[in-house]
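This report describes how the parts of a protein model meet one another and where open space is left between them. Please look over the sequence and the structure before reading on.

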Protein chains: 2
Amino acid sequence: MISLDDVRSAAAVIAPHVVRTPLLPFGSGWLKPENLQPVGAFKLRGALNALARLEDRANGVVAYSSGNHAQAVAFAARLHGVPAAIVMPDNTPAVKVEATRALGAEVFIVGITERVERARALVAERGAALIPPFDHPDVIAGQGTIGLEVVEDLPGLDSVVVPMSGGGLISGVATAVKALRPDVRVIGAEPALAADIAESLRAGELVRWDPLRRARTVADALRDEPSELTWAHIREHVDDVITVSEDEVLAAVADLARSARLVAEPSGAVAVAAQAKLGRGVAVVSGGNVDPALLARLLAA
Amino acid sequence: MISLDDVRSAAAVIAPHVVRTPLLPFGSGWLKPENLQPVGAFKLRGALNALARLEDRANGVVAYSSGNHAQAVAFAARLHGVPAAIVMPDNTPAVKVEATRALGAEVFIVGITERVERARALVAERGAALIPPFDHPDVIAGQGTIGLEVVEDLPGLDSVVVPMSGGGLISGVATAVKALRPDVRVIGAEPALAADIAESLRAGELVRWDPLRRARTVADALRDEPSELTWAHIREHVDDVITVSEDEVLAAVADLARSARLVAEPSGAVAVAAQAKLGRGVAVVSGGNVDPALLARLLAA
């Protein structure tokens with residue numbers, strides 16, 4: 001389990017390279033717009049912290065990701081002048097593949113079930129270091145810096161709503177928030193079509209859903225499942241889960257563009273859809289790498 | 001002419017009610033996203049400062065505006081618990097009329113040439129106070145707080161690009177920036193179809209364009225012209241003007257949505273279009289109240 005000190009230490013490491021995102025008033029709550037990070041997602045925080053703490057990165061780094069972690073690792077690697085090899089599943093939106101290549105990374109497109117294997121092969125071939133998308137204490141500590149900022153900026157904070165997939169973001173945020181403000185409720189948000197963590201918390205143990213079942217949601221960055229490490233943090237710190245429908249997610253994407261002037265991807269709007277049901281709190285807008293054609297359809301409707 | 005002290009004083013007054021917008025890396029420069037203010041535009045800063053400094057506001061406030069100043073005054077009035085009457089020209093985009101009403105203001109729609117007269121009549125009838133959109137020292141000082149923040153956040157600042165219409169925004173920003181950092185270039189941005197200030201600076205005197213000539217641009221919030229007060233600030237402090245085509249403005253709107261995850265209205269993207277030509281500097285994204293159908297068309301293209 002990571003500690004508040006790990007998160008504070010990560011904050012010092014990443015501060016020069018991330019945007020200190022403000023809290024934006026939104027309805028009866030607030031938004032934490034992590035879609036405004038340079039790669040368009042909170043993932044930059046964890047990737048920067050993990051890469052900065054690597055003891056040996058001379059042979060480069062490897063990551064597997066459906067998108068935002070890919071861009072985050074590519075960005076962090078370029079910043080530190082090391083080569084990055086990114087393995088992406090063949091159902092990744094084109095906009096995310098292109099953005100990763102534009103950051104100077106070498107991209108390998110594989111079938112969704114082969115990505116971990118291919119990433120491990122690259123690590124072995126090259127002597128490179130793997131930066132996992134969520135299953136690593138340094139990655140979790142980096143994401144947790146969002147929790148530090150929210151607590152610092154909003155003395156009246158009563159709840160934080162955080163999207164869940166692999167669980168790295170909520171593990172870090174919950175660790176920071178609960179250490180500083182045990183009275184604040186930390187609430188996970190999941191698409192109903194990928195609500196394995198909601199089911200796990202009800203069952204009191206980690207329940208695994210088939211990847212194809214989780215892949216049904218339009219929230220393409222929320223199709224992962226927790227690791228033992230993130231599940232331990234979630235079980236310890238998360239108070240509740242709110243699940244949302246696909247229509248609610250898409251409505252939140254449109255509402256963010258119209259009322260908050262923010263471009264969010266469906267995964268990035270899941271916590272906002274949950275916040276609408278809760279009626280208060282800070283919602284983390286986790287990413288903004290939406291397919292422009294999808295956003296155009298939602299705005300024209 | 002306003003002073004740095006006026007701007008600093010405004011900053012203290014408005015700080016509790018405005019978003020402290022961050023600088024976002026963008027291409028080889030930075031963005032100052034004022035579209036993320038509660039009403040979707042920088043105008044909130046000036047309106048809040050002007051309203052807070054009114055000696056007598058018991059009978060309410062009156063404003064005339066094509067949109068963003070209207071919402072700003074309505075927001076500030078609601079915050080201070082005073083009634084607001086807003087006169088809007090009949091070519092105002094519907095989204096801005098609706099947003100102003102939603103903030104609790106009474107809206108009067110008139111022909112574009114009648115708006116000042118109607119506002120003055122309301123002031124006389126009600127004993128209310130007029131808050132002009134730019135021709136007032138307190139409004140200018142409020143907008144200038146953006147300049148303070150940019151200087152504070154970016155020690156390596158070399159230039160600031162600011163859209164110009166009535167000139168309140170650039171008057172305030174230039175006053176703050178030049179007082180603190182005389183070496184920094186303050187550059188105005190105008191649509192070529194409403195480039196009366198560019199022509200005025202070349203001529204060395206205020207050149208007035210017919211309102212119908214200025215009204216050709218898609219940047220509907222940039223169809224005003226300077227007052228004697230704002231012209232005095234512009235002549236003193238502004239180093240240069242970059243003019244942009246309508247296509248460049250619309251391309252900047254699309255680029256902001258795709259690459260910076262920001263929703264901007266055409267007027268709000270004019271400085272970004274100018275920044276693209278300059279190749280550096282901080283561009284003020286002044287507003288985000290775009291017609292959703294227009295943004296949808298630009299994203300689908």
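Buried area is the accessible area, taken with a 1.4 Å probe, that two parts lose on being put together, summed over both. The model is predicted, so that local features need pLDDT of at least 70 and side-chain atom pairs count only at pLDDT 80 or more, while totals for chains, interfaces and linings use all residues. Residues are numbered from 1 along each chain as its sequence is written, chains are lettered from A and ligands numbered from 1 in the order in which they are written, and side-chain values use heavy atoms, with hydrogens and water left out.

**Where the parts meet**

Between chain A and chain B about 1,800 Å² is buried, and carbon and sulfur atoms give 70% of that area. Each chain brings 25 residues to this contact, where contact means heavy atoms within 4.5 Å. A salt bridge is taken as a side-chain nitrogen of Lys or Arg within 4 Å of a carboxyl oxygen of Asp or Glu, and across the interface of chain A and chain B the rule finds zero of them, although the count over all chains comes to 36.

Within chain A there are domain 1 (4-41 + 136-300) and domain 2 (55-130), with bounds that come from an automatic or database domain assignment. The centres of these two domains of chain A, taken over C-alpha atoms, are separated by 23 Å, and their contact takes eleven residues from domain 1 and twelve residues from domain 2. The two interfaces are set out below.

| Interface | Buried area | Share from carbon and sulfur atoms |
|---|---|---|
| Chain A and chain B | about 1,800 Å² | 70% |
| Domain 1 of chain A and domain 2 of chain A | about 960 Å² | 56% |

On the side of domain 1 of chain A, the residues that lose the most area to domain 2 are A:Val39, A:Asp220 and A:Asn289, which together make up 45% of what that side buries. Three salt bridges are found across this interface between the domains of chain A. A:Asp220 also meets A:Lys96 in a salt bridge, with N to O at 3.1 Å.

**The two pockets**

A pocket is found on a 1 Å grid over the protein atoms alone, as an open set of points where a 1.4 Å probe fits, with protein on both sides within 12 Å along at least five of seven lines; lining residues have an atom within 4 Å of a point. The largest pocket holds about 1,000 Å³ of space, where the volume is that filled by probe spheres set on the points, which are joined across faces, edges and corners. Of its 50 lining residues, B:Arg115, B:Phe134, B:Arg223, B:Asp224 and B:Glu225 lie nearest the centre. Because domain 1 (4-41 + 136-300) and domain 2 (55-130) of chain B both give residues to the lining, the largest pocket lies between them.

The second largest pocket has about 830 Å³ of space and is lined by 44 residues, with A:Arg115, A:Phe134, A:Arg223, A:Asp224 and A:Glu225 nearest its centre. Domain 1 and domain 2 of chain A both contribute to this lining, so the second largest pocket lies between them. H9(A) gives the most to the lining, with three residues; helices are DSSP runs of H or I with at least four residues, numbered from the N terminus. A:Glu225 also forms a salt bridge with A:Arg214, their closest N and O atoms being 3.0 Å apart.

Terms used: Helix = DSSP H or I, 4+ residues; strand = E, 2+ residues; numbered from the N terminus.
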